[in-house]
Amino acid sequence: NRVGYITDYLPKTIKYLSAVFCDNQKIIDEIGRTYGFGYADMSILHTTYIPVLEKPEQLDLTNNNSADKLLWIGRLAQQKRPEVLIEIATSMPTEKFVVYGAAGNSAFSDDIVNGRCPNIEYRAVYNKASELDYTEFKAFLNTSEWEGIPTIIIQMMGMGMPLLSSVVGGIGELLDDNTGWPVDGCSDVQQYIDQIRRMNIRTNVVIEKANAGYKKVHDQHSWTVFYKKLE
């Protein structure tokens with residue numbers, strides 16, 4: 001069964017609303033297919049991309065020879081599919097993975113928190129994103145089963161971090177073959193492995209994609225675009 005605010009409230013309240021703001025276009029398309037709203041109701045649904053909170057200094061990937069870890073951030077919940085991360089790490093024992101995030105409702109949460117995976121380092125929860133030393137990470141890895149467009153992905157691409165992610169929800173509105181390393185769906189572990197291997201052997205391509213992702217975030221998620229859309 002569908003759950004969430006849209007299911008609980010939108011069909012009952014849409015006739016009273018003058019505008020609904022969504023952070024990705026895909027959810028608007030799904031609303032149209034699911035509820036069959038007419039043109040008048042659909043016309044009040046607006047894609048309003050969340051602006052990148054700040055414009056950090058772009059990472060210098062050309063001279064970052066110490067970057068040897070994959071960064072994974074998120075609550076260790078079923079939605080985030082930490083078991084997929086464990087399968088990837090188990091299949092790639094020479095790769096290093098670092099996890100930040102609170103324990104969650106996934107049955108695999110304890111395995112990561114308690115260090116049962118030798119090449120996954122758990123670092124608990126950080127207070128501010130600016131605390132992290134991003135120079136030790138060669139890419140950001142996301143394994144979510146469903147999302148809108150996560151602010152963490154906007155943030156990572158917005159600093160020029162190479163991105164490897166499941167393409168679910170609105171993530172595809174930022175991530176494609178030009179801006180990063182997409183994986184169809186979220187469960188195909190071999191796709192993640194193949195993309196990591198491609199990333200490892202194609203340094204120039206990694207830099208090109210990271211630069212393209214950086215540009216797309218600052219074009220699509222800028223405060224200027226945000227203000228203009230609301231106006």
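Student: Is strand β3, residues 69-73, mostly covered or mostly open?
Tutor: In this predicted model, strand β3 is mostly covered, since five of its five residues count as buried.

Student: And which residues sit on each side of β3?
Tutor: Lys69, Leu71 and Ile73 are on one side, while Leu70 and Trp72 are on the other, and all of them are buried, which leaves both faces of β3 covered.

Student: OK, how many bridges join β3 to β4?
Tutor: Five bridges join β3 to strand β4, residues 96-100, and the two strands run parallel.

Student: What do β3, helix α4 and β4 make together?
Tutor: Together with helix α4, which covers residues 82-91, the strands β3 and β4 make a β-α-β unit that is right-handed.

Student: What about β6, how does that pair with β3?
Tutor: Strand β6, residues 137-142, pairs with β3 in the parallel sense over three bridges, and here Lys69 stands opposite Phe137 of β6.

Student: Switching topic: where does Ser144 lie?
Tutor: Ser144 lies in the loop that runs between β6 and α6, the latter being residues 151-157.

Student: Why is Ser144 called buried?
Tutor: Ser144 is called buried because its relative accessible area is 1%, and the cut-off for buried is under 20%.

Student: Which residues is Ser144 in contact with, then?
Tutor: Leaving aside neighbours within four places in sequence, Ser144 is in contact with Gln79, Lys80, Arg81, Ser166, Val168 and Cys186.

Conventions
Residues are numbered from 1 along each chain as its sequence is written. This is a predicted model: local features need pLDDT of at least 70, side-chain atom pairs count only at pLDDT 80 or more; totals for chains, interfaces and linings use all residues. Side-chain values use heavy atoms; hydrogens and water are left out. Buried means under 20% relative accessible area, exposed over 50%, partly exposed in between (1.4 Å probe, protein chains only). Helices (H or I, at least four residues) and strands (E, at least two) are DSSP runs, numbered from the N terminus. Two strands pair if DSSP finds at least two bridges between them. A crossover is right-handed if, with the strands pointing away from the viewer, the path from the first strand over the helix to the second runs clockwise. Contact means heavy atoms within 4.5 Å.
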